[in-house]
2 protein chains.
Amino acid sequence: MDLSRFLTPITRALAAEQYGTEPPELYEPIRYSMSMGGKRIRPLLTLLGAHLYSDHWEQQALKPALAVEVFHNFTLLHDDIMDQAPLRRGQPTVHVKWNPNVAILSGDVMLVRAYELLFDIEPSLLREVLQRFSQTAAEVCEGQQLDMNFETRAQVSIAQYLDMIRLKTAVLLGFALELGARLGGASAADADHLRRFGVDIGLAFQLRDDLLDVYGDAATFGKRVGGDIVSDKKTYLLLTALESANEAQEATLRQWMGQNAPETAEAKVAAVTAVYDELSIRPRTEALINYYFQDALAHLDAVQAPADRKALLRGLALQLMEREN
Amino acid sequence: MDLSRFLTPITRALAAEQYGTEPPELYEPIRYSMSMGGKRIRPLLTLLGAHLYSDHWEQQALKPALAVEVFHNFTLLHDDIMDQAPLRRGQPTVHVKWNPNVAILSGDVMLVRAYELLFDIEPSLLREVLQRFSQTAAEVCEGQQLDMNFETRAQVSIAQYLDMIRLKTAVLLGFALELGARLGGASAADADHLRRFGVDIGLAFQLRDDLLDVYGDAATFGKRVGGDIVSDKKTYLLLTALESANEAQEATLRQWMGQNAPETAEAKVAAVTAVYDELSIRPRTEALINYYFQDALAHLDAVQAPADRKALLRGLALQLMEREN
């Protein structure tokens, strides 16, 4: 499926965006961060949302679509400081290339710039959109705080984990789509269905990410297989395994957790994966992904918009899942 | 002068503000930071600005006044991380009491909450106010970045220093007052005069802060005298001294700069202050403070509002300067 007529204006508009000039230490990191690339899923969702209802989707929704992308990159920039991540998409993160103070402050300005990109929205929608954007922004921060909390918390339930990824990842995908829909002229009911489509896709996408860490092909996935296992990350897979493990299996899992010596990493990944296999973690995770995916499609079905335009959103979702149908 | 009928609703509204609940690690630091106190100058300026034009100042301007105060406290929270400041108003800073990650993230949410407090503004003013707020917010970040840059830069001109304090401190005071004026119904010309009054007062106040560090009474001022000298801070006093020093005086200043041993701190303060005295730095700084103060009063004079209401703003400015007239 070719989404280039939507992606091209996004790429062009992002390349033209200036953010500011002086002092360069404040604005260079923003341009650097925005030029790192990425799939631009969120602004695509915004444009596809507007396109469901309007032929003027570019003029109505392009700047707001950039707002969502700038906001998303702001969260990455600040998250990378908190996670002490050295690389983002293979390039040095801002807090490494410059320093943490520069990363804090240029992130702050990115959040301001994200808001500014929304101010040209037609006045009758402005207040509502800004409120929804702000609510979503606070939720994304809540998700990041929960994610950090879970690192040091002994017990995390599966429900808590799902709530965390909903806040940290899924609500912004939902908002991106809802935003475009409202700008294109959707009814409140349709906008809500589309929001829920986006949230479902976000949940499915994050669970798929958890799954691929263990069961993905390293070459395709672009990360070392088992990285989450090595770092004891409380993923859906680990939490589900811990919840359904028998005594021996739980002992195996707990024995490996906290053992972070590089020389035993391979044995750790093998041992934990073996427990996952015994407990059918892979098909169970796939079933939950499919559940969210089917729920997403049901919400899309309920939307009152031309079928050929809805097909583009379905196609994007399939592409995100790297599925054929 | 008694401003309690303006201060009381601010204090009450701040105490009632919730910010959010879960996770507590995200929202407790916001409540902590907002409850640390302070003189609430910025929201006072907003209310006094609205009061110039309207008897409904509380209903028109109270929530937006809080927005400015929440934004100001957000900047303090993030600045304290960057400056590694252990204390703020005698209490542990958020990054010390919790940790830097919590401080970054709860600061981010504070910026979002500041925006949210503006959304009830009447629709005809909303877009303009949000644009001016965002412009001011970016300028405050630019000021903070310049301040950090100056710490490690060998040469800083007086013009650059004044521009830095204008951005870091003064523009927000100007915006706070302009905001209130617009909400109360000021003309564009009046709102601009009031903005410039606020900027002037901010510049005068910051220069007075520089001056009091050296020439203030430690008991009244609440900081150790000469702290800026000990830490080689490039204040207006130091930059002016460096610019007009003869060879011997410059040698004295440069010899002491970078000597940060605690045991020589007293001698350093005495030696640098002696050069300041030789160069009449105190009366020269006082003259610049007075220049900004008189310029502020001229802008206030030009404003078309009742004299008794303007007198409150003049009174607040005098109070900030701790002057009698």
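Predicted model: local features only at pLDDT ≥ 70, side-chain atom pairs only at ≥ 80, totals over all residues.
**Exercise 1. Overall form of chain A**

Find how many helices and strands chain A has, and decide whether its radius of gyration agrees or disagrees with that of a compact globule.

*Solution.* 
- Step 1: Take the secondary structure. Chain A has 16 helices and 2 strands.
- Step 2: For 325 residues, a compact globule would have a radius of gyration near 20 Å.
- Step 3: Compare. Chain A has 20 Å, so the value agrees with the rule.
- Step 4: Along the principal axes, the C-alpha atoms of chain A fill a box of roughly 60 × 50 × 35 Å.

**Exercise 2. Burial and contacts in chain A**

State what percentage of the residues in chain A is buried, and what share of the contacts joins residues 24 or more positions apart.

*Solution.* 
- Step 1: Recall the cut-off. A residue is buried if 20 or more other C-beta atoms lie within 10 Å of its own.
- Step 2: Apply it. Of the 325 residues in chain A, 49% are buried.
- Step 3: Turn to contacts with a separation of 6 or more. In chain A, 71% of these come from residues 24 or more positions apart.

**Exercise 3. Two domains**

Locate the domains of chain A and describe where they touch.

*Solution.* 
- Step 1: Domain 1 of chain A covers 1-137, and domain 2 covers 187-325.
- Step 2: Count the touching residues. Domain 1 of chain A gives 10 residues, in contact with 12 residues of domain 2 of chain A.
- Step 3: Sort the domain 1 side by class. This side has 8 nonpolar residues, 2 polar residues and no charged ones.

**Exercise 4. Chain A meets chain B**

Work out which element gives the largest share of the side of chain A that touches chain B.

*Solution.* 
- Step 1: Count both sides. Contacts join 33 residues of chain A to 33 residues of chain B.
- Step 2: List the elements of chain A that give two or more residues to this side. They are helix H2 (24-34), helix H4 (57-82), helix H6 (100-116) and helix H7 (123-152).
- Step 3: Pick the largest share. H7(A) supplies it, with 15 residues.
- Step 4: Sort the chain A side by class. There are 19 nonpolar, 8 polar and 6 charged residues.

**Exercise 5. One arginine**

Decide whether B:Arg12 counts as buried or exposed.

*Solution.* 
- Step 1: Find the residue. B:Arg12 sits in helix H1 (residues 4-16) of chain B.
- Step 2: Count neighbours. B:Arg12 has 11 C-beta neighbours inside 10 Å.
- Step 3: Apply the cut-off. Exposed means 12 or fewer, so B:Arg12 counts as exposed.
- Step 4: Relate it to another residue. B:Leu212 is 200 residues from B:Arg12 in sequence and 32 Å away in space, C-alpha to C-alpha.

Technical notes:
Residues numbered from 1 in each chain as written. Chains lettered and ligands numbered in written order. Domains from an automatic or database assignment. Contact = placed C-beta atoms within 7 Å. Nonpolar A, V, L, I, M, F, W, Y, C, P; charged D, E, K, R; others polar. Helix = DSSP H or I, 4+ residues; strand = E, 2+ residues; numbered from the N terminus. Rg over C-alpha atoms; globule rule 2.2 N^0.38 Å.
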